[in-house]
Each structure stands twice: as structure tokens, then as C-alpha cells.
2 protein chains.
Amino acid sequence: MVTRMSRLFLRTLREDPADAEVPSHRLLVRAGYVRRAAPGIYSWLPLGLKVLRKVEGIVREEMDRIGAQEVSFPALLPKEPYEATGRWTEYGPNVFRLKDRRDVDMLLGPTHEEMFTLLVKDLYSSYKDLPLALYQIQTKYRDEARPRAGLLRGREFIMKDSYSFDVDDDGLKRAYEEHREAYVRIFDRLGLDYVIVRAVSGAMGGSASEEFLATAVNGEDTYVRSPGGYAANVEAVTTVAPEPLSDEQIAALPEAHVEDTPDTPTIETLVALANERFPRADRPWTAADTLKNVVLWVRQPDGSREILVVGLPGDREVDLKRLEAQVAPGEIDAFEDGDFAKQPALVRGYIGPQALGAESEAGIRYLVDPRVARGTAWLTGANEPGKHVFDLVCGRDFTPDGTIEAAEVREGDPAPDGSGPLELARGIEMGHIFQLGRKYADALGLKVLDENGKLVTVTMGSYGIGVSRAVAAIIENSHDESGIVWPAEVAPYDVHLVATGKDAEVFDAAAALADELEAAGVEVLYDDRPKVSPGVKFKDAELIGVPTIVVVGRGLAEGVVEVKDRKTGVRENVSLDDAVARLTGR
Amino acid sequence: MVTRMSRLFLRTLREDPADAEVPSHRLLVRAGYVRRAAPGIYSWLPLGLKVLRKVEGIVREEMDRIGAQEVSFPALLPKEPYEATGRWTEYGPNVFRLKDRRDVDMLLGPTHEEMFTLLVKDLYSSYKDLPLALYQIQTKYRDEARPRAGLLRGREFIMKDSYSFDVDDDGLKRAYEEHREAYVRIFDRLGLDYVIVRAVSGAMGGSASEEFLATAVNGEDTYVRSPGGYAANVEAVTTVAPEPLSDEQIAALPEAHVEDTPDTPTIETLVALANERFPRADRPWTAADTLKNVVLWVRQPDGSREILVVGLPGDREVDLKRLEAQVAPGEIDAFEDGDFAKQPALVRGYIGPQALGAESEAGIRYLVDPRVARGTAWLTGANEPGKHVFDLVCGRDFTPDGTIEAAEVREGDPAPDGSGPLELARGIEMGHIFQLGRKYADALGLKVLDENGKLVTVTMGSYGIGVSRAVAAIIENSHDESGIVWPAEVAPYDVHLVATGKDAEVFDAAAALADELEAAGVEVLYDDRPKVSPGVKFKDAELIGVPTIVVVGRGLAEGVVEVKDRKTGVRENVSLDDAVARLTGR
């Protein structure tokens, strides 16, 4: 059935919505695809719902193709399974919680590992039932601290999540590969420009894990890539550390010596003073020679917290996202003035590693950047106001409790696999595939009998796609200053047919063409609005972004209509008689 | 693609689940269509999801056919719109409420009148934009006090809700009629056995309203029908009242007289005593001659409560559902011993209407059954222990504050339209159509400019279908002792193909037939399980309920397969070569 714009529930806007930060949000609202219902919560209008359904359809086809079976879980869930795995606590304020009328705790599911695990446990009991892959396309909830960018980070959103169940690691690897291939096909069909990067799994647990990121300047995620093909999200990048020195090599190093360094509250002032008062023969002191010790709180989901000091070269900042990925499910709080007052071991501005570590008197946990390797010598605080220590050697003069990947990654840093210098770029997380392993099956007791009649714990994979987010990400990848430019497979219609002027013949011819196209399987949005100027109609067509715009207007007298490619802007006059053949490619 | 049972995520059960009260619940769980996740909350397994999608598809097609446009609202909603209409309070504990991380009140939408009204207000402003009908097929939430009967009364469920918007009453009537016709087509296509009954609108407000009930002995709703075609839900039945008498007629009635009636705590003992001590010449006293006064609390959603006395013939009980429909959004609480102690005007067991009503000293609200008409005479309490009054005439000796439809409706009561005696039956509410009118538009300020440039309030209709409930209701209508019997349009598959024995040729032939059928557009569930006995396979096929069962087995040697109609049980041998033609009806 031809959709007529005169009756379509649609109001396009000339002005950008005040709260829209990114093009997809701006354009989805302006072109009448979605409408905000509450912060981070959107209603889908007819055009938006059509696109959403097409994205869902592609995802469904490709999941079915790898033999995954569709199910559908509730969004409103009981607490118990999430308590059994510890996530009821781990999720902290990110999960919407509620009590029912009997005061029973429930949650709105942010992800469904627990429920799938329990369902399979409920129904299956033998290795013969496996392998199994299940998926759902379903509404999920996360109470984001900062819902933003429209559909890119909402609080109610649609995800495809799937889970694989296998008896052994080979099976899991196979399921993971199948999902990976399905994801490649899905993101290709969605017309997304994307990269696959190595990821750390954060709160999800598990081992091997990759993310599919849509490349986008407005993306929230930073990732790195190298000329040799290495790609990872920033959280997953590992630092290339210098070789540790042997005991003999360390013995040959100069001894540490404490010096007065008045008025050096910052790394810069310290480096300047060092170069003036303690110059080195071979090369000047730089911030990279200093060891900076950053004090933080790590707060666990149960509310307990512990001091952590991170030691890193003075020319690098701590990257909170990298740090939080390391301490998850813990989160980081700032260490405040009042906190320093209670910790005499931490001399603010002059903290040195001699006073840190599990073995020290204060017993404060001390983790260092991998560049602070055994045998490296540092200029750092002497734990006394106005004093620093030179040539303090790691492994001789101080002993960290371990290393941590918390320093910022910089453009030009070496790729960990030796494939060249890293480049930084931004993206939107569209998909995530995990080899979960046995974490959930262990916690919830999902075991099956193997060939020998022995109970074995099932190994699982977990695979997600942001379905509603994809609608926005596609626009981030594909728009111009006039509006959206939909890739063919997800466009709400194939042809946007515009009738211009007031001539009844024009409207009759346009209506007939629309019917013919629909009959030929082409989905048509027909702008039949009688009192709207051609200029407004063209503007709306560009904004809405259907791939092909057909104009029936003055040319009709000569028997021609105009066919315009939304993406390239190329126009072409086509005879009305040939229009259907031209537009169906037949 | 042929679905093979060897890989289908399915486990049929031989035993009924312990909590299943009704056939649909029992069979949906046993046949592996759904699985309980929490009380009143279900997960859809692959077979169940297929049926659900078919029901949704039928609903969608018929809504599209009447020009309704599909949108999709969030389930997680802000409080404000529901406060503006008073429903935040009215819904009481039936709505799931929660607070987000900023302590903002939210709810899980039980129905979306407010959101639709606001959306249309947001986008539209002129009579030219109307008429408009919007719908969604979406997950809804109600925190039922007693979730029961599986999908029939759940706490998370899927509904189609639609809303019409018109400038005038004629438009609303037209929209209502269009929806009514669409509903008839939908329920016909779903294969439901249903009736359309008059309804009262309860908490929804508004005027004209009908319900579509699937007839089912296990239905929660009681409705009535007459030989002349009257049909109504019990809440909507109006009582046929006697003609009120004129002043002269009343003047001719005997006077009221108080009599000692010791030891008559019940209607029965009172009637016995009256017949013994005060016999009437023409006919004996019966319970229908007595006026019973029932004391109750009406509690409003804001917690305030008021005493209500309902006067009704002593042979009838108060029907709480009918009463609650009348006092909605108020609810009824019992009037307890302690409450009587605080109300000296109410002499327990001997309450008479003389002491009741707004004009009485106690000022207690008093509403009577319509049978207690002006000029009717009653035997009732005398407001003194051990005393009753005879010949107490309504409109002469006491004055009720009005009438109320609170008495039970009985088999044989006259239909209000004179179409004969009522018969009682039970059903499942599948659909409900309302002429809401301007209640929501008024509360939320939805106005448009009319042809004369004047602002007019829009009039609305609201129309619901229980989509997930329909899956269960269909089974209540269509099952036997062996399992489900799906109507063709909603069956998960068209053909259940069973291969029996161990013969590879049989399995090869069955697989080839399955492929041929799928190629011809027939959806096939192929039972290819190698080590399962024919008996188990047949039992599963009967349980799952696909309309046509095809068995490929021993007959194959003679080139025949067996085709069995699940509903009638009729079997037929068909040559393998003709099977596709036979099963596609071509």
C-alpha cells in the first residue's frame, strides 16, 4: 500500500531540537522518526519504526542463517538469578530496580545471561542437545548516569542478544566464529562503516572478546589501529614495556639520592628545577623521567573502598576508562583533601613509591604502569615536602604490587604486536562478541552429561548487537547537511515520489506511478500534499533520506519525470513510461 | 527453512506443571511454547514465539487495513502525564512503579492513553490533520494481585492498543465502527469463538464501550445473553425496575408498622417468622419481599474512605465486580466489627433505610437496587435490635440517595431491552473498544484549530487487544485431551512431518518431502529425531497441535504417506508423489 504523506503521522521540523548533540539525534527528531518521551527514552513514529523493523529483519535473517533460534524473554525479571551471579550488586545504580506489590525485588533486564543459562538448564541435560545457540530481539534497560546523543545511549533500547552453549572449548570457538561471521554480514548489510577491535570484557567476565565499532567522530568509544592491522578498543591496548634488567645490571646503576626541590608542586616545575640544578650530561630531564603517583579510591559494588596508588611516567595521565576496565566491577572515586589528611604516609605533591605497596608500613596498594619495569630509574617524590629522589630504581629501591594498564594511550605509541605506531580514532559500539566460558554456567549450575555419562559444565558465548542504536549509527555514517542518506536495505521506503504544482493531471499521474511501483514490489512514500510548495517538499525529501527521489511535475507535459539519487545528488530525466522499469532495475 | 526437531529448542513434558489451572496454561508449558520466568511473567520459546508473531501479524494487517498507523512507545514512562489525568493515583498498586537513579518517579505503562494524547498534541494542531488513528503492539505491565492461568492474566504481556483522534462525535463514531469491524475480522481470523458484549468502561472513563469475549468455561469474565440477541458483560447489565408509583397510588398503600421479630438474625429466619406470625392472605413472604442493607467502605485511590449502604432485595447478593465497576476508581473494603461499634446509627442485623441517606441524622450514603423503586413496599430492619418494619414504602417512608447496579445478575433475569430471559456464560476478555470522548484530551490540553480557526478539544477512542492472551484463549477454544489444535492461520507450522522407524530411505524421503513443501510455501516442522519411538513422536505431534500431521513410515514401501487432520483425527493415505499437491491444495 502506498503511503501518502497527506495522511502520514509526520511533522518535520526546520529547527534542531535543543538537546540534540549529534547529527543522528538531530535528524531523527527533525525528520520525524523518533520523539523523546523521557530522558534517554524514545517513542518510535511510523517512519522510525519502519527503519527499526528493517534493521531487526536483517539481524534476524543472519542469526537464523547460523542456526540460532529465536526466543523472547521478559524484560521484568526476578532478582534471584542476578544475585546468584553477583550482578544484582555489580550493576550498582545502572540497573532499574523495583519492588512488586508483595515487596519482592525485581529488575528491568540490562542483559540476560542468567535467564538464558537457567532456561537451558531447565530444558536440557545431555551433550546430545548441544551445540545450541539462542537469541532474542528485545527491549533492554540501563539507568545510564548520562543518557545522551538520542538513540546512541538511551535508557530503554532494543538489543539482539544471543548465547551459545557448548560442551567444550572447541565448540565455543566455533560458535564464536559463526557469530563473528554473521556480525560481519549484518553490519555489511546495514551499510555501516565499521571496524572489529579486540576488547576487554569488563563486568561480563570471560576471555576472548571483540567489538564491532561503527567509525564515527561522535562515537563515545576510542579505539586504536596500526598500519599493520592491529585494532583494539582503548581499554584493551597493552603497553609495550622495556625489558626488565638483571640483578647485575641493576647493581651497576647509580645510587638513589634525595635532593631539596623547593617550589616544585608540578611535574613541569620539577623538571625545570632538575635541569637547572641537577643537569644530566647526555640529555635533559623530561616529564617522562619522572614517576607520578596518583591516589584514588576503588569502590566495590557493595560500597566498600580501598586506596589505590597508580604509578606512571609523569608525561602520561591516568585514563579513567582504561583504569575502570581494570578494576571492574569496582569504580573509581576521587581522593579528596580530607582523605589526604587521614593518610600521613601520602605527602601530597611529594609521594614516592618507597612508602607504598603491600609491604610498606601504610600497606597502601601500589600498581604501576608496565613502563615502570624492573631496573628503570626514576625521579620521584621523597615523601617529604620539598624533596624529591633521583635515580630511584624499580625492583631495587621500591617494589610495586603489580602492573596495571591505566595510562592513557597516545597517538604514535607502538602497537603491542609490533605492527607499527598506533593511530587513535573514535567509534560507536555496535556489537560485542564474548567467549564467556563457564562463569555463568558455574554460578547457576548448568551442567550436562557428556558421552561418558559424566556431568560437565557447559561453556557459553554471549553476543550482542545494539539494534536501536544501529538506526542512529547508520545516520552518523550516512548523512549530509540536508538530511539523512539511508543505505538501501534499511531505508523506510525505496522511492520518495514528489508531485509538485496544482495540476490534477500531475497528481493523477504520480498516484498511478506510485501504485505501479508498489505493485512491482517497490515501497513508495508519495508526497501528495496538495498545498505544500515544491521547495518544502524537496527539503522534506532530502531530510527524510529515502535513496531515490522521483519528481512528477512540469516535465509531465513532455512525458518525463525526474529521478534523483539522494546520495550523489545526480538527477536524470526519465520517460514516464520507462520509470517503473528504471526504478525496479528491470 | 525446514525446522528439524532434532535441533529445535524444545522439550515436551508428559506431566502437567503443578501451577497450571487451565488447559491453555497446561498445554503451552507441556508442549514447550512458553516457560515461566516469575509469577505472571513468561518467556517465549521458539514454538510459542512463532504463534505470537502470527497473531501479531494478523492484528497488524487488520489495523493497517483501516488506515491506523503503527508507532511504538516506551514501556518505561515518566509519571507526569499519568498525574495530569489522575491515573498515577487511580491505578493504585496495580501499576509497577520505580525510581530512577536521580530519584525520579517512573512507571511501567499499563496502557498509553496519556502518551498518545501528548504525542498528537506535540505534532498536530489543525482539524486538517484529523482523523488520525495510531496503534502499537507492545509490552505492557500490570502488577496483578493474583496473576493466574498462565498467559490469561499475566503481569508482563503484549497488547495492541490503538487510539483514534477526531474533531467531532461523528468522527469518533466512525473510528469506533471501523475498529469494531477490524476486530471482527481479527477474531475471525484468529479462529476464536467469541461474543461482542456491551461493557461499562470502569476506570477508563468515556461512554460507549464494547468487549470482545472469547467464550470459555475458564474465562474470568461473566457475561449475559438473551434469546433476542442482547449481550453484555455482567458489570454492564442494567436492572429492569418496576414502574414508580404516583403519589395517589402510594397514598392507597397500607401504613408501615414495626413488629417484634426476636431471633431473626438472617433473612431466612425473618421470612419464617413473618409467615408464622404475620401471614399474608394472597401469598407467603419470601426473601424477595425483604430489603437487605449491606454496609461497605468505598476507598478512593488517595486512601480516603466513605461508608456506603447498598439496599437490595433480600434474595440477592451484592456482586462485588458490579459494585466496583460502579464506584471505580474507588475500591470496596469490608465493614468490620470495630466499624459498627463506631456507628450507633447502624444496628447490626436490623438496619433500616429510615436511618440512612444524606438527609438522615447520620448522613450515611444510601444507594438502592433499581428494584427498590418509588412505591415499592418492604419488610426491613427497624434500626432496633429484635424489631423489623413491615410495609415500608420507598419514596414515602424513606428516601435513598439514588440507585446503583450492585446486585448479582441471575440466570432468567429479564434482558433490559425486553429480548427475553438472560442466560449467564463465561468468557475471556480479548478486546475492548471505547468511545473515550474528551477526558484525556481535556486533561492534557489536546486541542486543534477547527475550520473557523477556533480551538476545539479533540475526541478520542481507545481500542485494545490482548495479543499474548489471544495465544492462550485460542487454545481454550481449541484443544482436546491429547493437546493443542491450532487454527490454520496461527499454527506455528502448516505441516508436522513425522519420519518413523530406522530406515534411512524413510528419513531421506521425509527430508526431501519437507524441502519440497517448504519450497511450495508450506511451513514444515520435521520430526527427524533418530532414536525416538513412533509412539512418542505421534504423542508430541498431537500435543504440539499443528493442523496437518504427515507420517512417512512403513507405507513408503508402497509409495504412500499418511496425512492426518489434527482436529478431526481423519487419516488418509496419499501417494508420495501427490503429497505436495494434496498439502498445498493445488
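Asp263(A) sits in the loop of chain A that runs between strand E14 (257-260) and helix H8 (267-277). Keep in mind that this is a predicted model. The phi of Asp263(A) is near 55 degrees, a positive value in a residue that isn't glycine. Asp263(A) is also exposed, at a relative accessible area of 70%.

Over in chain B, Asn383(B) is another non-glycine residue with a positive phi, about 60 degrees. Asn383(B) belongs to strand E19 (residues 377-384) of chain B. Is Asn383(B) buried or exposed? With 18% relative accessibility, Asn383(B) counts as buried, because the cut-off for buried is under 20%.

## Cis prolines and the core

Leu130(A) and Pro131(A) are linked by a cis peptide bond, with omega about 0 degrees. Pro131(A) is in the loop between helix H5 (113-123) and strand E8 (132-141) of chain A. Chain B has a cis peptide bond between Leu130(B) and Pro131(B), again with omega about 0 degrees.

Both Leu130(A) and Pro131(A) are touched by Phe165(A), whose other contacts include Phe116(A), Leu446(A) and Met460(A). The largest nonpolar core has 80 residues, and Phe9(A), Phe165(A), Phe9(B) and Phe165(B) touch the most other members.

## Domains and a helix pair

Chain A splits into domain 1 (18-237 + 424-477), domain 2 (247-403) and domain 3 (493-584). The centres of domains 2 and 3 of chain A are 68 Å apart.

Helices H13 (residues 504-519) and H15 (residues 576-584) of chain A have axes that come within 10 Å and cross at roughly 30 degrees. H13(A) and H15(A) are therefore roughly parallel, and the crossing is right-handed. Among the residues that meet there are Leu513(A) and Leu517(A) from H13(A), and Val580(A) and Leu583(A) from H15(A).

Methods. Residues are numbered from 1 along each chain as its sequence is written. Chains are lettered from A and ligands numbered from 1 in the order in which they are written. This is a predicted model: local features need pLDDT of at least 70, side-chain atom pairs count only at pLDDT 80 or more; totals for chains, interfaces and linings use all residues. Side-chain values use heavy atoms; hydrogens and water are left out. Domain bounds come from an automatic or database domain assignment. A nonpolar core is a set of buried Ala, Val, Leu, Ile, Met, Phe, Trp, Tyr and Cys residues joined through side-chain atoms within 4.5 Å. Buried means under 20% relative accessible area, exposed over 50%, partly exposed in between (1.4 Å probe, protein chains only). Contact means heavy atoms within 4.5 Å. Axes are lines fitted to C-alpha atoms, for helices over the stretch in contact, and angles run from 0 to 180 degrees between N-to-C directions. Helices (H or I, at least four residues) and strands (E, at least two) are DSSP runs, numbered from the N terminus. Angles under 35 degrees count as roughly parallel, over 145 as roughly antiparallel, 65 to 115 as roughly perpendicular and the rest as oblique. A crossing is left-handed if the near helix is turned anticlockwise from the far one by less than a right angle, and right-handed if clockwise. Lists of a residue's contacts leave out its neighbours within four places in sequence.
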